[in-house]
Amino acid sequence: MFHTWSPLWPDGRSVATSLAKQGDPQLLRDFIARAHPDDACERAGLNYWAYWVGEISHRQRDDFFMTDPNLAWRGGKLLRHLADRLHCGHPFVDLNIHSLWALLAARKGLAYDDLGTGRDLLVRGEQILDQGGISAQSRQELAAVLYGLRIGGLTTKG
């Protein structure tokens with residue numbers, strides 16, 4: 001699929017998410033598994049999300065901003081956005097889980113900036129793991145996220 005980011009990467013992502021929204025998650029699952037082979041692709045996914053939710057406020061002329069390692073954004077809005085969409089019925093649940101996994105790996109301590117969001121992640125993540133309906137990769141990444149939050153001292157209690 002992709003060996004690194006290219007101008008075709010956003011198109012592949014769009015096609016995969018469109019099909020997932022129509023009820024076919026397999027291409028999106030394949031995209032997640034095969035189109036994130038390096039840091040440039042992971043960064044592209046996160047920068048895209050950050051732009052989409054308003055963490056990157058200035059207008060971008062083209063998709064090349066997606067691989068810019070110098071964009072300044074923290075991730076609080078993105079974390080909340082992904083946490084709110086962390087449920088099995090969401091058509092992009094696998095992408096949301098992968099993006100959470102990548103975001104928390106890239107932004108150390110982010111889940112502790114807003115403990116309410118961190119607690120929501122724990123509760124919703126545990127529910128998804130109990131319910132199933134996600135890919136094996138998503139199950140592994142979500143379990144890693146929840147484990148990291150717990151060993152960092154986060155609990156579901158206020």
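Analyst: Let's start with residue classes: Ala, Val, Leu, Ile, Met, Phe, Trp, Tyr, Cys and Pro count as nonpolar, Asp, Glu, Lys and Arg as charged, and the others, Gly among them, as polar. By that sorting, the lining of the largest pocket has nine nonpolar, four polar and four charged residues. A word on the source: this is a predicted model, in which local features need pLDDT of at least 70 and side-chain atom pairs count only at pLDDT 80 or more, while totals for chains, interfaces and linings use all residues. Residues are numbered from 1 along each chain as its sequence is written, and side-chain values use heavy atoms, with hydrogens and water left out.

User: What makes a space a pocket or a cavity?

Analyst: On a 1 Å grid over the protein atoms alone, a cavity is a set of points where a 1.4 Å probe fits but cannot get out, whereas a pocket is an open set with protein on both sides within 12 Å along at least five of seven lines; a lining residue has an atom within 4 Å of a point. The structure holds one cavity of 30 Å³ or more.

User: How much space lies in the largest pocket, and which residues are closest to its centre?

Analyst: The largest pocket has about 320 Å³ of space, a volume being the space filled by probe spheres set on grid points joined across faces, edges and corners. Its lining has 17 residues, and Arg13, Thr17, Tyr48, Trp52 and Phe92 are the closest to the centre. H1 and H3 are the elements that give two or more residues to this lining, and H1 gives the most, with five.

User: What makes up the lining of the largest cavity?

Analyst: That cavity has a volume of about 70 Å³. Trp9, Arg13, His36, Glu42, Gly45, Leu46, Trp49, Leu95, His98, Ser99 and Ala102 line it. Five of these are nonpolar, four polar and two charged. At least two lining residues come from each of H1 (9-21), H3 (39-53) and H5 (93-106); these helices are DSSP runs (H or I, at least four residues) numbered from the N terminus.

User: Why are H3 and H5 called roughly perpendicular?

Analyst: Their axes come within 10 Å and cross at roughly 100°. Axes are lines fitted to C-alpha atoms, for helices over the stretch in contact, and angles run from 0 to 180 degrees between N-to-C directions. Angles under 35 degrees count as roughly parallel, over 145 as roughly antiparallel, 65 to 115 as roughly perpendicular and the rest as oblique. H3 and H5 are therefore roughly perpendicular to each other. Glu42, Leu46 and Trp49 of H3 make the contact (heavy atoms within 4.5 Å) with H5 residues including Leu95, His98 and Ala102. Seven nonpolar, three polar and one charged residue take part.

User: How do you know how H4 and H5 are oriented to each other?

Analyst: The axes of H4 (residues 76-84) and H5 cross at roughly 150° and come within 10 Å. H4 and H5 are therefore roughly antiparallel. Leu78, Leu79 and Leu82 of H4 meet Asn96, Ser99, Leu100, Leu103 and Leu104 of H5. This contact has six nonpolar, two polar and no charged residues.

User: Why do H5 and H7 count as oblique, and which hand is their crossing?

Analyst: The axes of H5 and H7 (residues 136-151) come within 9 Å and cross at roughly 40°, so the pair is oblique. The crossing is left-handed, a name used if the near helix is turned anticlockwise from the far one by less than a right angle, and right-handed if clockwise. Among the residues that meet are Ile97, Trp101 and Leu104 in H5 and Leu142, Ala144 and Val145 in H7.

User: What do H5 and H7 supply to the second largest pocket?

Analyst: Each supplies at least two residues of the lining. The pocket has a volume of about 160 Å³, and its lining includes Trp101, Leu104, Val145 and Leu149. By class, the lining has eight nonpolar, two polar and two charged residues.
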